[in-house]
Amino acid sequence: YYVFLPYNLLILIIYFANNTLLTKQEKNTKIQTLLTVLNVSDKIVELALSSDFKDFEDGLQYFTAIENNIKTLLTRNLKAYKSAEIIVMTAEQFLKK
């Protein structure tokens, strides 16, 4: 499996990674090995802004997935994606698969 994420989630991952005992180089290497960061284009922002998503970040994540042909989106907030055209599940559901 590959993990793709929009840049805004990368900021959170780096924040949490900075609270570990790893050196900066070790952190960077682990992050770059595990993740592919997807660009959030003007088109994705426009789609999210004009969508029915109540939370702008949910819209960004959803349309980033759609525009990059991602088949499954992992989230804790399944309610936000009721009308999704891709598979949406929690991390727990994904790991049980």
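Reading from the N terminus, the elements of this protein follow the order β-α-α-β-α-α-β-β-α. That gives 5 helices and 4 strands, and the model you are looking at is a predicted one. Here is a friendly walk through it, from the whole chain to single residues.

**The whole chain**

Of the 97 residues, 29% count as buried. The protein exposes about 7600 Å², and carbon and sulfur atoms supply 56% of that area. For contacts between residues at least 6 apart in sequence, 33% join residues at least 24 apart.

In soluble globular proteins, nonpolar side chains tend to be buried together. Here the largest nonpolar core has 12 residues: Leu38, Ile44, Ala48, Phe53, Leu60, Tyr62, Phe63, Ala65, Ile70, Leu73, Tyr81 and Ile86. Helix 3 (42–49) and helix 4 (56–67) each supply at least two residues of this core. Helix 4 gives the largest share, 4 residues.

Leu73 lies in strand 3. Its relative accessible area is 8%, under the 20% cut-off, so Leu73 counts as buried. Setting aside residues up to four places away in sequence, Leu73 touches Gln61, Tyr62, Ala65, Tyr81, Ile86, Ile87, Val88 and Met89. Between Leu73 and Phe94 there are 9.6 Å in space, C-alpha to C-alpha, with the two 21 residues apart in sequence.

Ile70 is the other one. With residues up to four places away in sequence left out, Ile70 touches Phe4, Leu38, Ala65 and Ile86.

Rolling a probe the size of a water molecule over the atoms shows where empty space is left. The second largest pocket has a volume of about 290 Å³. It is lined by 15 residues, and those closest to its centre are Asp52, Phe53, Ala80, Tyr81 and Ser83. By type, the lining divides into 6 nonpolar, 2 polar and 7 charged residues. Phe53 and Tyr81 also belong to the largest nonpolar core.

Asn69 is found in the loop between helix 4 and strand 3 (72–74). Thr90 is in the loop between strand 4 (87–89) and helix 5 (91–96).

| Residue | Relative accessible area | Class |
|---|---|---|
| Leu22 | 33% | partly exposed |
| Asn69 | 60% | exposed |
| Thr90 | 14% | buried |

The cut-offs explain these classes: Thr90 is buried because its 14% is under 20%, and Asn69 is exposed because its 60% is over 50%. Leu22, at 33%, falls in between, so it counts as partly exposed.

The surroundings of two of these residues can be listed as well. Leaving out neighbours within four places in sequence, Leu22 is in contact with Lys27 and Lys30. On that basis Thr90 is in contact with Leu74, Thr75 and Leu78.

Asn69 stands out for its backbone. Most residues other than glycine have a negative phi, and most peptide bonds are trans. The phi of Asn69, however, is near 55°, a positive value in a residue other than glycine.

Note on methods: Residues are numbered from 1 along each chain as its sequence is written. This is a predicted model: local features need pLDDT of at least 70, side-chain atom pairs count only at pLDDT 80 or more; totals for chains, interfaces and linings use all residues. Side-chain values use heavy atoms; hydrogens and water are left out. On a 1 Å grid over the protein atoms alone, a cavity is a set of points where a 1.4 Å probe fits but cannot get out, and a pocket is an open set with protein on both sides within 12 Å along at least five of seven lines; lining residues have an atom within 4 Å of a point. Grid points are joined across faces, edges and corners, and a volume is the space filled by probe spheres set on the points. Ala, Val, Leu, Ile, Met, Phe, Trp, Tyr, Cys and Pro count as nonpolar, Asp, Glu, Lys and Arg as charged, and the others, Gly among them, as polar. A nonpolar core is a set of buried Ala, Val, Leu, Ile, Met, Phe, Trp, Tyr and Cys residues joined through side-chain atoms within 4.5 Å. Buried means under 20% relative accessible area, exposed over 50%, partly exposed in between (1.4 Å probe, protein chains only). Contact means heavy atoms within 4.5 Å. Accessible areas come from the Shrake-Rupley method with a 1.4 Å probe; for residues, only the protein chains shown count as cover.
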